[in-house]
Amino acid sequence: MDEYAGWLGTQLAAIDDPIDLVGHDWGGILTARVATSGMVPLRSWVTDAVVAVHPMFRWHDLAKIWQTPGDGEEFWARFRASPVESAALLGSLGVPDGDAMAMVEAIDSTMCTAILDLYRSAHGIGARWKAVGEAPAPGLVLIGSADHFGNEPASRRVADHLGIDVQVLAGAGHWWPLEAADDATAHLERFWSSVGRRAGPPVS
């Protein structure tokens with residue numbers, strides 16, 4: 001996880017323009033790390049995974065499987081061997097029907113190895129990446145109200161500690177970029193307007 005964060009920081013440091021950083025899932029965790037560590041100046045940042053930089057953060061059940069040697073390898077072997085069942089699993093976790101099979105087909109052996117390596121590096125992430133004090137740049141936490149992996153009360157507590165805003169995507173699950181793109185876009189545009197963001201696409 002430290003290598004991922006370091007790589008992201010290096011890429012962002014090479015950008016001359018002001019940066020409005022947006023991250024989802026592990027991208028959201030890395031966004032929170034960059035934003036709260038001060039490794040790169042940001043104009044603003046948005047995440048759906050702010051709880052990962054709190055010392056009391058605990059991983060969800062799937063992550064615990066992936067972090068366990070043997071169990072994680074078995075999970076991904078079964079996942080790749082049974083695409084229809086795997087698409088159904090993703091559907092049960094909120095992935096829209098039209099996207100579930102495409103996601104299954106995109107997961108190859110290299111990605112499985114990367115997932116296992118990343119999650120196994122992230123034991124105790126909250127204590128190791130804990131955010132202290134208010135965030136250096138304006139931030140926004142997006143919360144899907146039906147996110148199987150989310151924790152709205154904990155997200156609100158961490159956001160309050162960091163002095164950043166919270167917006168709930170009503171009815172949206174973990175994959176809100178697929179489920180609630182219009183709603184999320186409206187929240188993002190209002191947030192960027194509040195921090196004086198100029199027109200143009202964000203770096204994400």
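The legends below describe close-up views of a predicted model. In this model, local features need pLDDT of at least 70 and side-chain atom pairs count only at pLDDT 80 or more, while totals for chains, interfaces and linings use all residues. Residues are numbered from 1 along each chain as its sequence is written, and side-chain values use heavy atoms, with hydrogens and water left out.

**View 1. The open sheet has four strands in the order β1-β2-β3-β4, with parallel pairing.** Strands (E, at least two residues) and helices (H or I, at least four) are DSSP runs, numbered from the N terminus; two strands pair if DSSP finds at least two bridges between them. Because β1 (20–23) and β4 (165–169) each have a single partner strand, they stand at the edges, and one side of each is left without a neighbour in the sheet. From one strand to the next, the twist averages 15°.

**View 2. β1 pairs with β2 (residues 44–47) in the parallel sense.** Four bridges join the two strands. L21 stands opposite W45 in β2.

**View 3. Helices α2 and α9 lie across strands of the sheet.** Helix α2 (residues 26–37) lies across β1 and β2 and runs at about 145° to β2. Helix α9 (residues 152–162) lies across β2, β3 (139–144) and β4, at about 175° to β3. Axes are lines fitted to C-alpha atoms, for helices over the stretch in contact (heavy atoms within 4.5 Å); angles run from 0 to 180 degrees between N-to-C directions.

**View 4. Q67 lies in the loop between α3 (61–66) and α4 (71–81).** The relative accessible area of Q67 is 9%, so the residue is buried (under 20%; exposed is over 50%, partly exposed in between; 1.4 Å probe, protein chains only). Leaving aside neighbours within four places in sequence, Q67 is in contact with W59, Y119, R120, A122 and H123.
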